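Biologist: I'm new to this one, so please take me slowly around a single part. I'd like a close look at the pocket.

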Amino acid sequence: MLAPMRGAAADVLTELEREINAPGAGLDRLRLLPTPFVPEVRLHLAEDAIVYWARMEAAAGHALPAPYWASAWAGGQALARHLLDHPELAAGRRVLDLAAGSGLVAIAAALAGAAEVVANDIDPYAVAAVTLNARANRVAVDVTGDDLLDGTDVEADLVVAGDVFYDRAMADRMLPFLQRAAARGADVLVGDPGRGHLPADRLTVLADYPVPTTEPSVDSSLRRVQVLRPV
């Protein structure tokens with residue numbers, strides 16, 4: 001098990017615990033809901049992530065990172081569905097979920113029978129959200145807020161990453177890490193809804209899904225999402 005959260009990370013966890021336990025409802029609140037494409041998993045999601053973010057920044061009195069962990073992103077939903085429909089991919093294995101956000105894919109891996117699941121995200125709010133979401137789904141997920149992408153040691157049998165090619169800087173760091181993981185013998189799965197920086201020529205498509213989305217500022221309520229692996 002990873003060390004328990006301390007300091008700022010523990011403070012954020014306490015803050016989110018207060019959020020989810022506070023009475024009342026509204027667009028600026030978190031709700032525990034079944035994930036649209038993966039109803040087996042419940043997540044603490046924002047009714048409206050933009051409105052929620054504005055309230056949290058106003059309360060904090062300073063800028064906060066965008067609450068990506070408070071939405072069920074399409075790439076993660078497709079990956080989670082794929083793992084639950086093909087549990088042999090995770091069963092009995094060590095799984096690493098990169099840029100985990102809400103922890104949806106990590107939780108799905110645990111439900112599919114993974115021997116060990118580590119969710120990784122550098123946002124302390126995401127680290128806290130994964131902790132709370134794993135608790136809500138009664139599964140064991142270790143969480144780390146370290147930046148792993150420059151590392152060479154990948155202690156996992158399966159590496160999963162949903163919606164990680166959203167900008168050039170992230171893509172330029174993520175793809176080499178995934179390729180190193182694959183070269184060391186890990187299976188690698190990526191979930192992507194056609195982000196602009198997806199290196200399609202370096203990945204092969206395994207499946208695609210029509211995924212309902214709760215993402216803010218998306219025109220369509222359905223997105224075609226591919227599950228891919230490095231060539």
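Modeller: The largest pocket has a volume of about 720 Å³, counted as the space filled by probe spheres set on grid points joined across faces, edges and corners. A pocket here is an open set of points on a 1 Å grid over the protein atoms alone, with protein on both sides within 12 Å along at least five of seven lines, and a lining residue has an atom within 4 Å of a point. Of its 34 lining residues, Tyr68, Ala99, Asp121, Tyr166 and Met170 come closest to the centre. Keep in mind that this is a predicted model, where local features need pLDDT of at least 70 and side-chain atom pairs count only at pLDDT 80 or more, while totals for chains, interfaces and linings use all residues. Residues are numbered from 1 along each chain as its sequence is written, and side-chain values use heavy atoms, with hydrogens and water left out.

What is the lining made of? It splits into 19 nonpolar, six polar and nine charged residues. Nonpolar covers Ala, Val, Leu, Ile, Met, Phe, Trp, Tyr, Cys and Pro, charged covers Asp, Glu, Lys and Arg, and the others, Gly among them, are polar. β3 (94-98), α4 (104-111) and α6 (168-183) each supply at least two residues; helices (H or I, at least four residues) and strands (E, at least two) are DSSP runs, numbered from the N terminus. The largest share, four residues, comes from α6.

So let's stay with α6. This helix has 16 residues and runs 23 Å from its first C-alpha to its last, close to the 22 Å expected at 1.5 Å a residue (that is, 1.5 Å times one less than its number of residues). Met170, one of the residues closest to the pocket centre, is also on the list of buried residues in α6, along with Ala171, Met174, Leu175, Phe177, Leu178 and Ala181. Buried means under 20% relative accessible area with a 1.4 Å probe, protein chains only. These buried residues pack against β3, β6 (158-162) and β7 (187-192), with contact meaning heavy atoms within 4.5 Å. After α6 comes Gly185, with a positive phi near 105°.

Then there's α4, which is mostly covered, with seven of its eight residues buried. They are Leu104, Val105, Ala106, Ile107, Ala108, Ala109 and Ala110. Here too a glycine turns up just after the helix: Gly113 has a positive phi of about 100°.

Conventions. 1 Å grid on protein atoms, 1.4 Å probe; cavity = no way out; pocket = protein on both sides within 12 Å on 5 of 7 lines; lining within 4 Å. Buried < 20%, exposed > 50% of the residue type's maximum accessible area, 1.4 Å probe, protein only.
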